[in-house]
Amino acid sequence: MAEMHTGVGRQRGALPWPRPRRIATLSVHTSPLHQPGTGDAGGMNVYILEVARRLAEADVAVEIFTRATSGDLPPVVEVAPGVQVRHVMAGPFEGLTKEELPGQLCAFTAGVLRAEAARPPGHYDLIHSHYWLSGQVGWLAKERWGVPLVHTAHTLAKVKNARLAAGDRPEPKARVIGEEQVVAESDRLVANTEVEARDLIDRYDADPTRVAVVEPGVDLDRFRPLSGDRAAATVAARTRLGLPVRGHLVAFVGRIQPLKAPDVLIRAIAALRDQDPALAQEVAVVICGGPSGTGLDRPTALIELAATLGVADRVHFLPPRTGTDLPLLYQAADLVAVPSYNESFGLVALEAQACGTPVVAAAVGGLVTAVRDQVSGVLVRGHDPVDWARTLGRLLPDQARRAELSVAAARHARDFSWHRTAASLLTVYGEAIAAHRARLTAELTASRSW
């Protein structure tokens, strides 16, 4: 195996490569202004906005292009000094799924190119596209502007199709082909973990020298453990959120769709009732999020499942949380469950651990990096509710073990920060710009030799 380049571990400061002045960030199908946890908004939205803010703090301006989804949105929104979100008119404001968006890529690309054309030449030093739809736009824009393209997939169709949840629809062939094209044309590919990097190389034939591993981060100021009397603070947090004050609480946070597998947690509580009826009566589950993807086909499916399994009284549903309520939910829980069939990283797991809450997660994708098995949480192999019930049944009554995991979880999360992510991306950006300029110089020299 050829050795992969990695930007991880580089420190902030002077770079031995060119430093970008302004970056065009492309996010076609979802805006960083949208609320994570519903629709198509999730970890990618958080990633884009948090990275943009840290880059701006490092004197790198970021302009984020996304599709306009409301007539009330201004053309440009400044979300922080040096960070702008540009709304591009491409198709109707509402009602387009990700599957329908390829038909609007021409319109979106035209809007992006027009924005650049209205600026002086060389306005952008680099393009960073997120998700394959944005990569298609970035591929065209990089040719027009003569700048390098850095791409982050966030999810990969071939990986998702290989680990499809029951009842979920496979990703279409058009997406697979589109991803292959973007992988081939990108100057650098940013993977969230070594696992994702290996998927890019093995499944998409990516050039290993163009693959950089840069781990996402977490806002360590916003997500942090409870201070003072933890028992009293937990009661206060649960009271504020309208959750049961007594007993054990297991939380699921994220979009409600088969890929995220919240049904596994509900089935596990039913299985726990069979394994340990007394303990099951002390356990409540909270599902925090909104329907997304194929979950929109049956938005009440989880409510119906809980009723069918006879655990409706143990399951509580909350809409996506904003502001201080999201860390409060993590802090209120004894455990956070992440039973996804695949995650490119798993920001929810990292946020929960930063709050000092141990995570029980599926041993898939980036979760094996986000969670240190038996140290900051527990990884479960597979999605059998009986296995999940056994894991919960061991951890919930063992307060000493959970306290041990809690301390280690917060310590583990401190190894991740958005400043670290941004600093590593600056390394990747600088190398991409340097390689691009070297290639142009070589081509110019070769043409003159004729």
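## Charges over rings

The charged end of Lys-158 lies over the Tyr-204 ring, 4.5 Å from the ring centre. A second case pairs Arg-420 with Phe-416: the charged end sits over the ring, 6.0 Å from its centre. The criterion is NZ of Lys or CZ of Arg within 6 Å of the ring centre and within 35 degrees of the ring normal.

## Model and numbering

This is a predicted model; local features need pLDDT of at least 70, side-chain atom pairs count only at pLDDT 80 or more, and totals for chains, interfaces and linings use all residues. Residues are numbered from 1 along each chain as its sequence is written, and side-chain values use heavy atoms, without hydrogens and water.

## Aromatic pairs

The structure holds five aromatic pairs. Rings of Phe, Tyr and Trp (its six-membered ring) pair if their centres lie within 6.5 Å; planes under 30 degrees apart are stacked, over 60 edge-to-face, the rest tilted. Tyr-47 and Trp-418 have ring centres 5.7 Å apart and planes at 85 degrees, so they pair edge-to-face. Tyr-47 belongs to helix H1 (residues 43–57) and Trp-418 to helix H16 (residues 418–449), so the pair ties together parts 371 residues apart in sequence. Helices are DSSP runs (H or I, at least four residues), numbered from the N terminus.

Both Tyr-47 and Trp-418 are buried. Buried means under 20% relative accessible area, exposed over 50%, partly exposed in between (1.4 Å probe, protein chains only). One aromatic cluster is formed by Phe-65, Tyr-124 and Trp-145.

## Glu-194

Glu-194 is part of helix H6 (residues 194–204). Its relative accessible area is 44%, so Glu-194 is partly exposed. Val-211 is 17 residues away along the chain, and the two C-alpha atoms are separated by 9.8 Å.

Technical notes. Helices (H or I, at least four residues) and strands (E, at least two) are DSSP runs, numbered from the N terminus.
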